[in-house]
Amino acid sequence: MPAFAIGVDLGGTNLRVAAVDESGKLLEKVTSGTEVAKGRDHVIDAMTTVIRDIASKFASVGPLAGIGVGVPGIIDMRTGMLRESPNLPGWHDYPVQDEIEKRLKAPVVLENDANAAALGEKWLGAARDWPSMCMLTLGTGVGGGIVLDGQVWRGMTGMAAELGHICVDPNGPPCGCGSRGCVEQYASATAVKRMAMEMIASGQAPELERAAKGNVEFSAKVVYQMAVQGDAAAQQIFQQVGWALGIVIADLVNIFNAPMYVIGGGVSSAWEAFAPTMLGELRKRSFVYAATTPGEIHGQTGATIVTRALLGSDAGLYGAARLPLAAAARRAVRTA
Ligand SMILES: [Zn+2]
């Protein structure tokens, strides 16, 4: 049985590589910048060098199961191609899986980064005791992942679970995906900042305006701090976040009746500011949730739980490492 795997989180800004053993213990984690400007071959070379170093360091632990790589964007699981990634310009239709396998001569599994994060939370985080879960990652955009009976739901080609592009307002702000009013336009860090700028421009947010003026660091985090301090405009923005999330989670609960919905990513730190509106909206909009609200039914069995992620930015790394470990376990069962 393989004893460890390498998980990679290939972001547009950071490249993170970790060795994780089969029990989920983190053996080592290396973070470096992704030098996207130097081109994809350079990035893959730099990545494989780090992977090779870590893999040889832990060779005494046991055999390497393989390498799991989480990438932002649309991937084709059947071919291991990255079809489209807004954060990795120039990687259009690039055979990431082949390029890494060629250099390392080890099995590589490619996965969407939000799916990898969902798998990480399912394996070792908030959803570890539940067989099925949905996850929303609130970062620069909104990522989604669905795990059903322990398996990531990938759809036909690996493009499933684009939960960030579920529409909450058909006439809402235009989205990068081509649609309008996607939840990403209300619940991402980018959206929180945009909503703040809109309120400032309309003259409804004098305190936010003061905080934003000349502040290059003005961000979703600052808006959250102001909401905590009691600023009504900032609080209103996070109510919008909660409203949009409540609508989307109501849809998910009605579709899946899964026991666990996990919210991660940077904006999830503002939980206190958006959760009351989110849960209220969810209850109003999903009769399945209303029938399974925790605390109103007996015990935890049969309850629908909506909660914060536990693994922070490491969720995707753990999930990526989990993929080759699970594949190796399946191979072992077949050959036994
Ligand atoms: Zn969209």
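Glu 111 is buried, at a relative accessible area of 1%. Buried here means under 20% relative accessible area, exposed over 50% and partly exposed in between (1.4 Å probe, protein chains only). The model is predicted: local features need pLDDT of at least 70, side-chain atom pairs count only at pLDDT 80 or more, and totals for chains, interfaces and linings use all residues. Residues are numbered from 1 along each chain as its sequence is written, and side-chain values use heavy atoms, with hydrogens and water left out.

Glu 111 forms a salt bridge with Arg 154, with 2.7 Å between the closest N and O atoms. This pair links distant parts of the chain, 43 residues apart: Glu 111 lies in strand S7 (residues 108-112), Arg 154 in the loop between strand S10 (151-152) and helix H4 (184-187). Arg 154 is partly exposed, at 21% relative accessibility. A salt bridge is a side-chain nitrogen of Lys or Arg within 4 Å of a carboxyl oxygen of Asp or Glu. Helices (H or I, at least four residues) and strands (E, at least two) are DSSP runs, numbered from the N terminus.

The whole structure holds 16 salt bridges. One joins Glu 281 to Arg 285 (2.6 Å, N to O). Both residues sit in helix H9 (residues 271-285), four residues apart, about one turn of the helix. Glu 281 is buried at 8%; Arg 285 is partly exposed at 42%.

Lys 102 also pairs with Glu 99, the closest N and O atoms being 3.4 Å apart. They are three residues apart in helix H2 (residues 96-104), so about one helical turn separates them. Lys 102 is exposed at 53%, whereas Glu 99 is buried at 14%. A network of salt bridges links Asp 41, Asp 45, Glu 99, Lys 102 and Arg 103.
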